[in-house]
Amino acid sequence: MHRNATEAQIDAVCKRIEDAGNTANVLPGATRTAVAITGNETGIAAERFLGMPGVIDCVAVTNACRLVSREMHPQRTLVDVRGVTIGDGNCTTIAGPCAIESRDQAFRSAEIVAASGAKLFRGGAFKPRTSPYSFQGLKHEGLKLLDDVKREFDLRIVTEVRDSETLDAVELVADVLQIGARNMQNYSLLEAVGKRRTPVLLKRGAGCTLNELFLAAEYILSLGNKQVILCERGIRTFETMTRNTFDISAIVMIRHHTHLPVIADPSHGVGIGWAVPPMAKAAVVAGADGVMVEVHPQPWSALSDGQQALTPEAYAQLVREMNELAAWRSKQPTVIPAQ
Ligand code: PEP
Ligand code: MN
């Protein structure tokens with residue numbers, strides 16, 4: 001409260017707290033009085049008090065991310081993707097083309113990914129593109145091809161769900177539902193996947209803070225779906241040389257502040273094929289629970305994101321190097337501390 005706040009103003013604040021079913025604790029100080037709220041299950045919006053006469057500031061003590069934060073849930077979440085565990089200290093590779101383009105392209109990509117030993121295959125059927133004139137994905141036909149890949153290879157499918165209308169169809173094929181960066185704050189879509197039980201890969205919006213990412217994940221967890229993986233895919237900064245600025249510190253911060261696994265996506269992070277491997281390796285060293293990279297049998301002929309796709313050779317080399325780093329990492333307790 002303001003140092004000149006009157007008794008009546010303090011009483012009005014207490015009444016508003018108590019009318020909401022919580023307890024007001026008046027704490028008189030040397031120069032001003034504070035009123036602490038207790039008994040609240042969730043955070044209380046500061047706007048409910050900031051406009052009241054005599055109120056000078058509201059300080060949040062309750063963590064609004066009560067389901068996502070590690071403080072409230074110290075045990076790390078393990079995400080089970082049809083028998084493959086993400087978050088157990090290993091580094092999972094997710095790879096595949098940006099978009100599914102044809103049967104031949106999908107199968108050739110899947111062969112490359114399976115041959116590397118990776119168990120998770122990525123590929124978009126519904127592509128959210130910046131321009132309405134760009135390739136939008138093969139949609140339902142793309143889902144069918146992903147289903148064929150799933151039957152043919154020992155691979156789990158990671159694919160984007162762009163809206164609630166197509167969620168049923170995507171979920172029939174997806175082992176992991178990807179929420180793209182552009183949809184990180186699409187709250188009706190977050191609620192829709194929160195009601196499902198398929199694991200979700202939630203990508204950080206290009207203009208979103210980590211706290212906003214955590215709150216987006218909180219939507220999903222609060223509706224009952226606890227199988228959430230967070231993904232750093234680069235943010236928009238003043239730098240123009242790279243597609244985005246790949247925020248490696250996000251990997252460390254996510255692991256520190258939450259119990260959810262974190263996947264790094266250096267492909268969208270830098271957007272330049274030759275720059276992807278060093279960033280991918282840096283992400284492994286930083287402690288990522290997995291790395292998702294775009295690979296294409298012929299990057300120069302890709303219908304989307306060809307400039308950042310790895311060639312089959314570059315991809316195979318990267319997987320070998322990442323495996324070496326993951327083995328090194330497992331011996332460094334400071335990178336992935338025990339539970
Ligand atoms: C993608 O994974 O191909 C994609 C569209 O990513 P983002 O949502 O991060 O841009
Ligand atoms: Mn892409």
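Predicted model: local features only at pLDDT ≥ 70, side-chain atom pairs only at ≥ 80, totals over all residues.
For Gln-178 I read 2.9 Å to a ligand oxygen. For His-268 the distance is 3.2 Å. I then checked cover: the protein takes up 97% of the 300 Å² of accessible area that ligand 1 has on its own (Shrake-Rupley, 1.4 Å probe).

Next I listed the shell, counting residues with a heavy atom within 4 Å. Among them are Cys-98, Lys-127, Glu-160, Lys-203, Arg-233 and Glu-294. By class, I get 2 nonpolar, 3 polar and 7 charged, with Cys and Ala among the nonpolar types, Asp, Glu, Lys and Arg charged, and Gly among the polar ones.

Which protein atoms are donors of the manganese ion (ligand 2)? I found Cys-98 (SG), His-268 (NE2), Glu-294 (OE) and Asp-305 (OD), at 2.0 to 2.4 Å. Donors here are N, O and S atoms within 2.8 Å of the metal (3.2 Å for Na, K and Ca), with water not among the atoms. Their spacing along the chain is C-x169-H-x25-E-x10-D. His-268 lies in helix α9 (residues 266–270) and Glu-294 in strand β12 (residues 290–294), 26 residues apart; these are DSSP runs, H or I of at least four residues for helices and E of at least two for strands.

Are His-268 and Glu-294 buried or exposed? His-268 counts as buried at 8% relative accessibility, and Glu-294 is buried at 1%. Buried means under 20%, exposed over 50%, partly exposed in between (1.4 Å probe, protein chains only).

Residues are numbered from 1 along each chain, chains are lettered from A and ligands numbered from 1 as written, and side-chain values use heavy atoms without hydrogens or water.

Methods:
Polar contact = N/O pair within 3.5 Å; in protein donor to acceptor, adjacent residues only side chain to side chain.
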